[in-house]
Structures are given as C-alpha cells and as structure tokens.
Amino acid sequence: MSITAVVVTHGPDPDLERCLVALAPQVDELLLVANLPLDVELPEHARKIVNERPLGFGANVNRAIAETTGEFVVIANPDAVAMPGAVGVLHDFVVGHPRCGIAGPQLRYPDKRWQPSRRRFPTVGGTLVRRTPLRYVLRPFERQRDHYLLDERPNEPVKADWMLAAFLIVRREMLRELGGFDEHFRLYGEDIDICYRAAKAGWERWYVPDAVVTHRYAAEIDRRLLTRRTLWHWRGVARFVRKHPERLRAL
C-alpha cells in the first residue's frame with residue numbers, strides 16, 4: 001500500500017527543507033507544489049511542479065493528487081516537520097480502520113508545546129467571536145474551550161470532527177468518492193469542509209497522538225483581524241454555510 005506525500009508552498013519558508021527531508025524516507029512518493037516560483041533543493045526521488053499562476057490550497061492539492069498514485073496521501077504544510085515514524089503510525093492506523101478516511105497526528109509547536117489541532121465543527125456564534133473584534137472581549141481560547149478541545153489531551157486514538165490540514169493522511173478512495181477538495185475555498189475552510197463531507201458520507205476522522213509532527217503555525221488571522229487572509233477566511237466561512245446550511249442551526 002503506497003503512500004504519497006504532497007507539500008504545497010506559497011513561497012520561501014524557513015522550515016520547507018526540513019519538512020521535505022523528514023518526509024522523504026517515510027513515503028513512497030513526494031511531490032512539492034510551488035504555488036509561486038521557488039528554488040529549493042529536493043531530497044532524492046522527490047519532484048516539484050510549478051504553477052503558471054497561483055491557485056488556492058484545495059486546487060493545488062487536487063492537482064498534486066491527480067499527478068500521483070499512492071493509495072494514501074499525506075498532505076503537509078511546509079512548516080510541518082514529521083518526527084521519525086509519524087507517517088507509519090498514521091498509515092498503520094488507517095489501514096486497520098477501513099472506514100477511517102482521514103487521520104491526523106499530534107501537533108506540537110517547535111518548542112514542544114502541545115498544539116490544539118483537533119476541533120469541533122464550527123458554529124455561527126463561535127465563528128463571530130473568533131473572527132471579529134469580539135475576540136478581544138470574549139477571549140475565545142478561554143470561553144470556547146469546547147471548540148478547541150483544550151481540556152482533552154488524549155493519549156490514545158480518538159475520533160474527531162475535523163483537524164487542521166497542516167498535516168493529514170487521507171485515503172485516496174475517500175477523495176475519489178467525495179470529488180476531492182472543494183477548489184472554491186481560497187485558503188481557509190477546506191479542511192473543515194472535507195472533514196464535514198467525509199462525515200456525511202460515513203467516513204471516520206481520527207486523531208492519532210502517537211504520531212507526532214512539529215508545526216510552527218503562523219496563525220496570522222489569530223493575531224491580526226484586518227488582512228487579506230481574514231477576507232479569505234470569511235469567504236471560506238460563507239461558502240461552508242452556503243454548502244451546509246444545516247450548520248446555521250448550530251448557533
């Protein structure tokens with residue numbers, strides 16, 4: 001059962017080479033998608049494709065998946081560095097759970113602090129608090145602990161609503177069934193959408209803490225509200241609600 005790894009980069013990243021070097025020995029196929037022209041030294045057997053024009057994250061992932069063959073696909077951000085054996089742990093878990101379509105590792109910041117990557121599906125009210133000036137008053141990391149699952153740090157695999165797409169292993173069979181990632185999401189929301197569609201189709205999503213990945217996590221939209229990325233995020237929220245209007249009832 002072969003494993004493909006896909007890394008999408010939007011320009012130079014200080015962690016990119018470490019990301020690629022860490023992934024290369026853990027997978028059968030490694031493809032770097034350069035959304036913008038980029039000079040980088042690739043590990044042996046890795047290859048690179050360069051876009052003629054920038055694409056959204058989902059479109060880049062779909063392109064990479066179309067050009068690869070692995071039965072399982074690791075999707076990794078350039079600032080995510082897999083610890084030795086992490087991919088194997090995820091792969092073995094998914095193989096052992098035939099209805100697991102998506103699995104995610106335990107993410108840690110570079111200083112080894114735990115990073116909350118497993119989350120509940122968003123609600124309208126919670127999103128308004130997190131992505132408007134209300135966040136400075138209502139402090140979502142304190143008042144929305146259930147959304148971020150801050151009080152749960154499982155040591156064994158547990159089911160998840162959704163997980164950050166910083167590092168996931170995905171079953172190609174599931175991607176074919178769902179039609180891949182929704183390319184209308186520019187940069188934010190596609191991970192929630194793919195997990196939500198997977199759930200509706202009966203595919204399980206699992207958090208597997210024995211697999212550990214270091215993730216720098218810039219989190220620009222958490223620090224600054226008025227940026228181009230904030231606009232992308234809100235467009236992603238709007239699209240998610242249009243596609244899944246039943247979530248409007250989850251206030």
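The model is predicted, so to speak of a local feature takes a pLDDT of at least 70 and side-chain atom pairs count only at pLDDT 80 or more, while totals for chains, interfaces and linings use all residues. Residues are numbered from 1 along each chain as its sequence is written, and side-chain values use heavy atoms, with hydrogens and water left out.

The chain holds eleven helices and twelve strands; these are DSSP runs numbered from the N terminus (helices are H or I with at least four residues, strands are E with at least two). Of its 251 residues, 55% count as buried. Here buried means under 20% relative accessible area, exposed means over 50%, and partly exposed is in between (1.4 Å probe, protein chains only). Contact means heavy atoms within 4.5 Å. Looking at contacts with a separation of 6 or more, 76% come from residues 24 or more positions apart.

With neighbours within four places in sequence set aside, valine 6 touches Leu31, Val33, Ala64, Val73, Val74, Ile75 and Ala76. Take alanine 76: it is 70 residues away from valine 6 in sequence, yet the two C-alpha atoms are 6.2 Å apart in space.

Helix H3 (residues 86-96) has Ala86, Val87, Leu90, His91, Phe93 and Val94 as buried residues. They end up on the same side of H3 because they cover an arc of only 165° around the axis, the arc being taken from the directions from the helix axis to the C-beta atoms. On the face turned away from that buried side, H3 carries the exposed residues Asp92 and Gly96.

Next come the charged pairs. Side chains of opposite charge can pair when their charged atoms come close. A salt bridge is counted when a side-chain nitrogen of Lys or Arg lies within 4 Å of a carboxyl oxygen of Asp or Glu, and that rule gives eleven of them. One joins aspartate 15 and arginine 18, at 3.4 Å from N to O. Aspartate 15 is buried at 4% relative accessible area, whereas arginine 18, at 45%, is partly exposed.

Another salt bridge pairs glutamate 204 with lysine 159, with 3.7 Å between the closest N and O atoms. Glutamate 204 belongs to strand E12 (residues 204-215) and lysine 159 to strand E9 (residues 158-159), so this pair ties together parts 45 residues apart in sequence. Glutamate 204 is partly exposed, at 22% relative accessibility.

Helix H9 (residues 190-200) holds both aspartate 193 and arginine 197, four residues apart, or about one turn of the helix. The two form a salt bridge with the closest N and O atoms 2.9 Å apart, and both are buried. Through shared partners, salt bridges link Asp182, Asp193, Arg197, Arg239 and Lys243 into one network.

Finally, a search of the whole structure turns up one cavity of 30 Å³ or more. A cavity is a set of points, on a 1 Å grid over the protein atoms alone, where a 1.4 Å probe fits but cannot get out; lining residues have an atom within 4 Å of a point. Grid points are joined across faces, edges and corners, and a volume is the space filled by probe spheres set on the points. The largest cavity has a volume of about 40 Å³, and its lining includes Trp114, Tyr148, Glu152 and Tyr207.

Key. On a 1 Å grid over the protein atoms alone, a cavity is a set of points where a 1.4 Å probe fits but cannot get out, and a pocket is an open set with protein on both sides within 12 Å along at least five of seven lines; lining residues have an atom within 4 Å of a point.
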